[in-house]
Amino acid sequence: MAAPTKQATVYIVDLGSTMAECNSGRVETDLDFGMKYIWDKIATTMAANLKGGNLGVIGLRTDETNNPLDVDGYENLSVLRPLGNMEMGHLTSLQTKIIPSGTDAGDAISAIVLAIHMITEFTTLKSGKPGSYTRKIVLLTDGQGMIEDEGMKQIATKINECGINLVVIGIDFDDNEFGFKEEDKSSLKQRNEGVLRRLTELCENGIFGTAAEAIANLAIPDIKPTRPWPTYKGRLALGDPQKYETTAMYIDVERYFRTHIAKPVSAKSFIAQTPMASTQSSNTINGDIDMTDAPANGDDFTAVRSSRTYRVNDPSAPGGRRDIELEELARGYEYGRTTVHISESDENVTNFETTQSFSIIGFIPNDKFERYLNMGESRVTIAQPINDKARMAFSSLVHALFELESYAVARIVEKDGKAPQIILLAPSIEPDLESLIDVPLPFAEDLRVYRFPPLDRVITASGSTMKKHRYLPDDDLVGAMNDYVDSMDLSTAGTDEEGQPAEYMNIEETFTPIIHRINQAIRQRAIFPNDPIAPASSILTKWSQPPEDLASQSAHKLEKLIAAANVQKVPPKVKGTRGRREVLKPLSGLDVEALLNREKREKISPNNTIPEFKQMLASPADDNVVYDAAKQIANIIRMHITNSTGNAKYEEVKADMKVFREFMIEFELPEIWNDFIRDFKQRVAKGDLGGDRRVFWNSLRWINLGLIDKEALEISDVTEKEANEFHSLDSDLPTRSRVH
């Protein structure tokens, strides 16, 4: 039976005056220390965003009395938050109420009875029957108030009848398993610990622990349980039952995910609401994203609606473009350099018609399957649970594959119209489950076959094979590498509960740091919006580096490997290459330029800009040659863009600008390019380059043709922020132009 999706949890927080004390060497109060656990659990429930995630909070040992049980024995108990869904506004209000009181009066057992009453009232249906809920009471206390243990057995019986989980978290309670014992404990606290421990032992689902352990366990991520849902329900066929009624067979099966990628929560866009925002409206079209789940925290936020418009070139329209509706668009497919139009009525010709099916098409020995052929996530197929005949037939198939050491190859179409898949089915036999685990196989188009030279031999140009070569490892290097790999074996690097060697990195304890780090940051920012985010817990960073013990033990193996491989430190890259551009010399040592009697390039032709610009800067005599070449190509770029009809010369100009910028970086003369691009921007803004060239200017951002900043060249005086802001035509950065 599936676990209930709705929950009713009541947290009882001890707010007595003793909770304001700092004990056990802590610099924070006992209340703040214990509330780390409560706040984290509340934030986790809120993050799940479930309608059935009902939370309530009771204050124990409060100055006033505010609860529905208006009888003797329930004084100094206050319902701080009734059962219901918790939102950010409720959380903020609750935080102002969680402060130590000035009294020690209030009974923890009475608070548990009040919590039972709240849960019973909330989870009972109109018919009088209990609803399907997960019920839980969490008590946080330091055990220094008066506790009456009269009628404790009757209370435990009621807890068991209601199916309530009782969790008692004590501040500095003794816990032998965790290894904590408070010294100089008062007799009152010792007695109260014993009373609460006996109560949890009387409960069928009772947990008693110390706050230090509970808070330490918060670092262990909670894995969100997933509800199974079938990706396929139907028949698994062997043969074609329609054609071969007497020899073909089918089995009623269900198919589920075995592995599925878990993704982190995604951020959404919101905007701080202004007084005018309430009077504004947004129109959306089909396909708009309407994000209506804006957070309701202390600030007012409003959801952002995104819209999409479609435009086409139209010389007769203002600005040369015309807006069109989504319904006017037609679908087309690229065919070479042309587009093949297919109307909506004929679109079904591109679809491969399929019907839901699942059939075995053959079998292979399991040693013939290569692991690299796995194309994705795995699924598990089981027999229909309520069909005994199907379960028996399916069990026979699984056992036959297992005994014959074979895999089945099947074709599956999960739904009508979906693309068919070829999958590999492997038998899995467990004490309580017999199944077929499958992975998708590639089609011919999915394979990427590349030829690489072999690693164990060198084949020369003449076709001969060499077993010894400077590019091949010798026996000493191979042996050193084998020893190092063996010394870093993780399969026995860990220890089990009995201290015996065990696997260091098992899947059950390997958590994805991205998901849980984001969740941790969200919880902390929701509860304490002004505090810095705490660093990631060690369990998330555990796999960022090899085990320290293993690394230290294998250090000498690594030293031998470095010596055998003759690893040499690469010298740092030489900086300051200005004016020292490397000129490639032929092996013969001949001056080819002199032999060909080539003259030095002094002029750059607009019809052959890039080759002649490169030729002019191949070996410049001084910086004046660079300045002259830069001036010429700058004039050519401005001439081309001015004389361009529409966007006819845009790509040619972009290519010229790209080469111009690259050479200025190479010659470490960023000011030449920066002065040019600043002047170019001003001309675009004024319309001095043959009309409106703003579209061309905006396109330069995406190919990184902006200012040369410190990120691109260390000696530049332009910061990364200035370079990013420069792309906007609204920014007015100073011009230090030299090239005109």
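## Stop 1: the barrel

Select residues 232-238 and 249-257. These are strands β7 and β8, which run antiparallel and are joined by 7 bridges. Keep in mind that the model is predicted.

Now widen the selection. β7 and β8 belong to a barrel closed by 7 strands, in the order β7-β8-β18-β21-β20-β19-β17. The pairing is mixed. From one strand to the next, the twist averages 40 degrees.

Next, pick β18, residues 379-383. How many of the 5 residues of β18 are buried? The count is 5 of 5, so β18 is largely enclosed by the rest of the structure. In a regular strand, side chains alternate between the two faces of the sheet. Look at both faces of β18, because each is covered. R379, T381 and A383 are buried on one side. V380 and I382 are buried on the other.

Check the strands that β18 pairs with here. β8 is joined to β18 by 5 bridges, and the two run antiparallel. Select E254 to find its bridge partner in β18, I382. β18 is also joined to β21, by 3 bridges, again antiparallel. Here T381 stands opposite L436 in β21.

## Stop 2

Start at the β3 end. β2 and β3 run antiparallel and share 6 bridges. Select V57 and look across to R81 in β3, which stands opposite.

Now select β4 (residues 133-141) together with β5. The two run parallel, joined by 7 bridges. Pick T141, whose bridge partner in β5 is G170. Then colour β5 (residues 164-170) by accessibility: 6 of its 7 residues are buried.

## Stop 2: a helix pair

Select residues 108-123 and 152-162. These are helices α3 and α4, packed at an angle of about 25 degrees with their axes 11 Å apart. That angle makes α3 roughly parallel to α4. α3 passes α4 in a left-handed crossing.

Show the side chains where they meet. From α3 come I109, I112, V113, I116 and T120. From α4 come I155, K158, I159 and C162. By class, this contact has 7 nonpolar, 1 polar and 1 charged residues.

## Stop 4

Most residues other than glycine have a negative phi. The next two picks are exceptions.

Select R61, in the loop between β2 (53-60) and β3 (77-85). R61 has a positive phi of about 60 degrees, although it is not a glycine. Is R61 buried or exposed? Its relative accessibility is 1%, so R61 counts as buried.

Jump to N566, in the loop between α12 (555-565) and α13 (592-596). N566 is another residue other than glycine with a positive phi, near 55 degrees. At 52% relative accessibility, N566 counts as exposed, because the cut-off for exposed is over 50%.

Finish on P532, in the loop between α9 (513-527) and α10 (538-541). P532 is exposed, with a relative accessible area of 70%. Draw a distance from P532 to A521, 11 residues apart along the chain. Their C-alpha atoms are separated by 9.4 Å.

Notes
Residues are numbered from 1 along each chain as its sequence is written. This is a predicted model: local features need pLDDT of at least 70, side-chain atom pairs count only at pLDDT 80 or more; totals for chains, interfaces and linings use all residues. Side-chain values use heavy atoms; hydrogens and water are left out. Helices (H or I, at least four residues) and strands (E, at least two) are DSSP runs, numbered from the N terminus. Buried means under 20% relative accessible area, exposed over 50%, partly exposed in between (1.4 Å probe, protein chains only). Axes are lines fitted to C-alpha atoms, for helices over the stretch in contact, and angles run from 0 to 180 degrees between N-to-C directions. Angles under 35 degrees count as roughly parallel, over 145 as roughly antiparallel, 65 to 115 as roughly perpendicular and the rest as oblique. A crossing is left-handed if the near helix is turned anticlockwise from the far one by less than a right angle, and right-handed if clockwise. Contact means heavy atoms within 4.5 Å. Ala, Val, Leu, Ile, Met, Phe, Trp, Tyr, Cys and Pro count as nonpolar, Asp, Glu, Lys and Arg as charged, and the others, Gly among them, as polar. Two strands pair if DSSP finds at least two bridges between them.
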